[in-house]
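Morning, everyone. Please take a look at the model on the screen, and then I'll walk you through it.

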Amino acid sequence: MHRDTSFTPASPRLPLLPLVAALMTALPALAQQSPPADNGQIETVTITATKRPQPLQTTPIAISVLNGAALEESNVNTVAAVTAQAPTVNFRTNASNKDTALFIRGVGTISTSPGVEPTVSMVIDGVVTGRPGQATMDLLDIDRIEILRGPQGTLFGKNASAGVINIVSKAPGKETERYVDASYFQGNERRLRLGASGELKADLLRGSVAATVAKYDGNVTNVFDGSKVNGYDRQGLRGRLEITPNRDLKISLIADYAKAKDNTPTGVVTGTTTTAYGTGVVAQNPLFAAAVAPVVPAADNRQINSDTGTDVVDDNSGFSAQVDWQLGSGLQLTSISAYRAWTNVQHQDQDRLGMVYKQFAGTADVGNLAFRQLSQELRVASNKGGFVDYVAGLFFIDGKDNERYERDVRRCAATTAAALPSGLIPCSTGSMTTDNGVAYYGTHNQSSSAFGEGTFNFTPALRAIAGVRYTSDDLSFYHQRTATATGVPGVAATQPELNGSTRRHAFSGRVGPQWQITPDVMTYLTLSRGYKGPAYNVFFNMTTLQTNALNPETSNSVEVGLKSTLLDKTLRLNLAYFDTQYDNYQANVPDNVNGTVVTRLINAGQVTTKGFELDATARVTQQLSLNAAVANIIARVKNFNCPTILSPAAALTCNINGQPLPFSPDWKTNLRAKYTMPLSAGMTMDLNLDYSWQSKTQYDLAQSPNAIQPAYGIVNASVGIAGLSGWRVAVLAKNLANRSYATFLQNSGNNINRYVPRDDQRYFGINAHYDF
């Protein structure tokens, strides 16, 4: 495999609002309709994550379903924000979207390498995304989000060994619908969404389009120049056409584009007392504390002192064509063809200081990434009602990644400057030298599979599910690095071009009985095997020691579940217990390269995750609705394999058997309440309260005591008034208790730093929505 140093340029900004306005005016006006009568029962939920529509309560899988309209009302706009309402899901944030990761039931993959796949599969309208960073765009025009918990290796394959997040956008209806939605929050955060949908040609063509623009100054201050950071500037556009030439054929065409520029800093310093990797020795770093001044490190610090701007620009785009053909034999044939592209350009200040000192080099990174994927799925599904209801198909995906990464290091060549009272010796511009390293690397991944799953209806009450998937993976990489000098902090020596490839095959599947105790109560037992493909540790400082392919990660899981609809369909109560073991767990471990802490991807051994989950929805009265979700997940290292490639000090961190997996609190819960009351003139008022809580969380697999987030809870609330003419106005309050917390804590050698969430402090906002 040869080096490809070309990169796709960032896509131009699209004229989003004129496009949406044009479609709005092209559609006929919507006649006012009376809302349907409310019977006081909870609504029936239908999911499609099993490759065909199926009631949630008869599906033998632990699934959480989040309603898109409810997410919009709560100002939940990203997958990261969704995790607060889904206790079994967690999210690792970072300064660059390519370094983010999702976790389900405590298991996820943390790596910057393009040679490793996610453990949690992200599916958008039937299209699997190959890299986690592709799913970080704002949610737009969402009907629902389905979260499938546990290995889903039968229907989704190799990158779903921990679970699946299935995002389903709204389909255009027959009636014309148009809306405008605007929000403003403290901190100068503003969001605007526009959308329209409806029938364009009777009984033949329906369409929809939606657009969003959003900006936020940020809630972190850079004292170096007084600017605000930790904000964003985002735009998105999504269009959909549905063509029905006849009643047996439907063609769905979907296109989307999203552009985002975020200026998340590479951590906000919270402390300069660190515990060294490997030795456990506590070290004071008064020189770094003096260098970061006037910033005062603290657990709730929201200031940085950085002379190098940190930002990341992401462009995500894609197109898919889905054809559903109802065959005369009672079978439905489905084809999904898709293309997706993602570019990522990042600038990062790695030293977190406002100037260069003799004791501290100035380190800045620039990364460019270009990724594209082609995928094709072809499947057939039987009509329901026979002895065997089944779905079977073929799947193929081709993903190619090319990256260029540069690290510039400024150091004092010689200085005559006197030491400051703190002991720091500043470097003048003329006394500095700059060295760097530049690496070109990439991967090419082709995966093909065949799958089938059936439900065997032995009696009206007794059923069984059985499925299997065969996957073949081909993965190759290239890497080359040039360094201007040796011994540069954070830069390994020049490395001639490396190449490698591997091919693996594997089976995954699921089997188990299902018993319908009553028409409203069902229980099930499943045995599942998950599979995640081979990997390469391809990254900036890659050496010949990392050229061997990592073995595939496999999982074996037992799950017992109960799904019930009780009290005259006013209560939905679902319970699940699971016990899963992962072998050849692919994980990052800390190491040291020329004095800089880095991470290396390895087969880390065995880990386990087990626990129980509860999901409940209740209509207490016609006015009051309650939702509760609770997860008790014990995710632990069972048998850690210490790699020989680690430095001697880093190797001492290997004694972590029995310790928690990162980003996995033992307990996590979310409670939501909505009370709706009628007002005069047909208006209604709704009161919403949301509370999420989680126990302490370790963010570091090496168990650094500095990387533990204590337990915390967040309270949100809103009050909204809606009228019959289609308008709604709401006031929202976020983090009412004003609880500061960290979404990520890391030990960077001479300091501890955290990533600051949007709701790190209390703030308020207003939202106005109008349907017309």
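Start with the lining of the largest cavity: ten residues are nonpolar, eleven polar and six charged. Here Ala, Val, Leu, Ile, Met, Phe, Trp, Tyr, Cys and Pro count as nonpolar, Asp, Glu, Lys and Arg as charged, and the others, Gly among them, as polar.

Some ground rules. This is a predicted model, where local features need pLDDT of at least 70 and side-chain atom pairs count only at 80 or more, while totals for chains, interfaces and linings use all residues. Residues are numbered from 1 along each chain as its sequence is written, and side-chain values use heavy atoms, with hydrogens and water left out.

What is a cavity here? On a 1 Å grid over the protein atoms alone, it is a set of points where a 1.4 Å probe fits but cannot get out, and lining residues have an atom within 4 Å of a point. Grid points are joined across faces, edges and corners, and a volume is the space filled by probe spheres set on the points.

By this rule there are twelve cavities of 30 Å³ or more. The largest holds about 300 Å³ of space. Its lining has 27 residues, and E117, G130, K158, I397 and N445 lie nearest the centre. Two or more lining residues come from each of β23 (362–381), β24 (388–412), β25 (432–457) and β26 (462–483). Strands are DSSP runs of E with at least two residues, helices are runs of H or I with at least four, and both are numbered from the N terminus. Which element gives the most to this lining? That is β24, with five residues.

Next, the second largest cavity. About 140 Å³ of space lies there. It has 15 lining residues, with A101, L102, P118, V120 and P132 nearest the centre. β5 (101–104) and β6 (120–124) each supply at least two of the lining residues. By class, that lining has nine nonpolar, five polar and one charged.

Back to β25, for M432. Leaving aside residues up to four places away in sequence, M432 touches V356, R410, R411, A413 and C427; contact means heavy atoms within 4.5 Å.

Two local points on the backbone. A293 and P294 are joined by a cis peptide bond, with omega at about 10 degrees. P294 sits in the loop between α4 (286–291) and β20 (303–304). D203 is not a glycine, yet its phi is positive, about 60 degrees. The loop between β11 (189–201) and β12 (205–216) holds D203.

Notes
1 Å grid on protein atoms, 1.4 Å probe; cavity = no way out; pocket = protein on both sides within 12 Å on 5 of 7 lines; lining within 4 Å.
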